[in-house]
Amino acid sequence: MDKFRAVLDLHLKHSSALGYGLVTLLTAGGERLFSVAVFQCPCSAAWNLPYGLVFLLVPALALFLLGYVLSARTWRLLTGCCARGGRAGPRGALVCVQLSAAAAVAPLTWVAVALLGGAFYECAASGSAPLARLLCRGRDATCESQLPLAPCHQARAPDAQDLLKELKAQSQVLGWILIAVVIILHLIFTSVIRCLSPVSFLQLKFWKIYMEQEQQVLKNQATEHATELAKENVKCFFECSHPKQYSTPSIRDWQQISSLYTFNPKEQYYSMLHKYVNRKEKSQSIRSKEGDAVIPILGFVDTPGMHTTAEL
């Protein structure tokens, strides 16, 4: 039991890192499966380039869009935005940039692993006429026409077949460059947002603990309230009686606590719900106020949601 609790604590403390690691492993495994079981270079001068680029880039685009779909913050930003006028402003733009950065993890992993493998790049590059002219300069006269057949090992010109090693080397070098650039940019971005953090390291840890507890309590209370309301309505339906009065938050109340979190150093609230219950007047809006700002390091405040068997 103690070992299970230790594993659970480890998961809670490093859930973000473990999630990114799992996404990376699944993406790398999917790329290997595609390259071995699905990918078959057509070895045609007309089809090699588009075929190779489709396998290299289209899955990356699909993973990028999937990253948006699976992010709770995306739907917090979009749900009801048309009814509110659809004007998110600079805050919404900053959130979109953060969402894009998080969604780019899986597609960049796909491209990097694919380049290290080399199969997609070899197929695409062998079908590129400008690259073929560059590679075959000073070689056999039939090199350019035979190069598209090289990925299938059907090229008769020995120079064309030898160029596969050069194409694979280019692919792997590009893969390692991409990995290095991503790691450097991630380090710079993380360092900058940490440096610009308005709260200290320990307060940030406390904040994350608070958010976990608030969401858990909110889920429990919402489940209990919804169950009681459902029981009362069903009971009244069968008994043909009038229901008791239940106090339920209004549409405006739900909209306010569902809006994007903004930090204000003058009023230190840990969530939109925290800000809502501490407002001075019941009619006061909490969604926009002078001095409010979207802080990148506090993006986790918008991420949790009330997950049930029927996903919101």
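Q: Which cysteine does a disulfide join to C41, and what is the S to S distance?
A: In general, a disulfide is a covalent bond between the sulfur atoms of two cysteines. Here, with a disulfide taken as a pair of cysteine sulfur atoms within 2.5 Å, C41 is joined to C123, the S to S distance being 2.1 Å. The two cysteines lie in distant parts of the chain, C41 in the loop between α2 (15-38) and α3 (48-69) and C123 in helix α7 (residues 119-126), 82 residues apart. The angle about the S-S bond is 80°, and the link of C41 and C123 is right-handed.

Q: What should I keep in mind about the model and its numbering?
A: This is a predicted model, in which local features need pLDDT of at least 70 and side-chain atom pairs count only at pLDDT 80 or more, whereas totals for chains, interfaces and linings use all residues. Residues are numbered from 1 along each chain as its sequence is written, and side-chain values use heavy atoms, with hydrogens and water left out.

Q: How many disulfides does a search of the whole structure find, and which cysteine is joined to C43?
A: The search finds 2 disulfides, and one of them joins C43 to C152, with an S to S distance of 1.6 Å. This pair, too, links distant parts of the chain, since C43 is in the loop between α2 and α3 and C152 is in the loop between α9 (143-146) and α10 (158-195), 109 residues apart. The link of C43 and C152 is right-handed, with 100° about the S-S bond.

Q: Where are the cysteines buried or exposed?
A: The reading rests on relative accessible area: buried means under 20%, exposed over 50%, and partly exposed in between, with a 1.4 Å probe and protein chains only. By that scale C41 and C123 are both buried. C195 is exposed, because its relative accessible area is 65%. C236 is in no disulfide, the nearest cysteine sulfur, that of C240, being 9.8 Å away; at 8% relative accessibility, C236 counts as buried.

Q: How many helices and strands are there in the protein?
A: Helices (H or I, at least four residues) and strands (E, at least two) are DSSP runs, numbered from the N terminus. On this basis the protein has 13 helices and 0 strands. Of its 312 residues, 31% count as buried.

Q: How should I read the length of helix α6, and which of its residues are buried?
A: The expected span of a helix is 1.5 Å times one less than its number of residues. Helix α6 (residues 105-117) has 13 residues and reaches 18 Å from its first C-alpha to its last, close to the 18 Å expected. Its buried residues are A106, P107, T109, W110, V111, A112, V113, A114 and L115. Just after α6 comes G118, which takes a positive phi of about 90°.

Q: At what angle do the axes of α6 and α7 cross, and which residues make the contact?
A: Two packed helices are described by the angle between their axes and the distance between the axes. Axes are lines fitted to C-alpha atoms, for helices over the stretch in contact, and angles run from 0 to 180 degrees between N-to-C directions. The axes of α6 and α7 come within 5 Å and cross at roughly 75°; the two helices are therefore roughly perpendicular to each other, given that angles under 35 degrees count as roughly parallel, over 145 as roughly antiparallel, 65 to 115 as roughly perpendicular and the rest as oblique. The contact (heavy atoms within 4.5 Å) is made by W110, A114, L115 and G117 of α6 and A119, F120 and Y121 of α7.

Q: Why is α7 described as largely enclosed by the rest of the structure?
A: The description applies because 7 of the 8 residues of α7 are buried, namely F120, Y121, E122, C123, A124, A125 and S126.

Q: Which residues is S171 in contact with, leaving aside its neighbours within four places in sequence?
A: S171, found in helix α10, is in contact with A114, L115, L116, G118 and Y121 once those neighbours are left aside. At 0% relative accessibility, S171 counts as buried.
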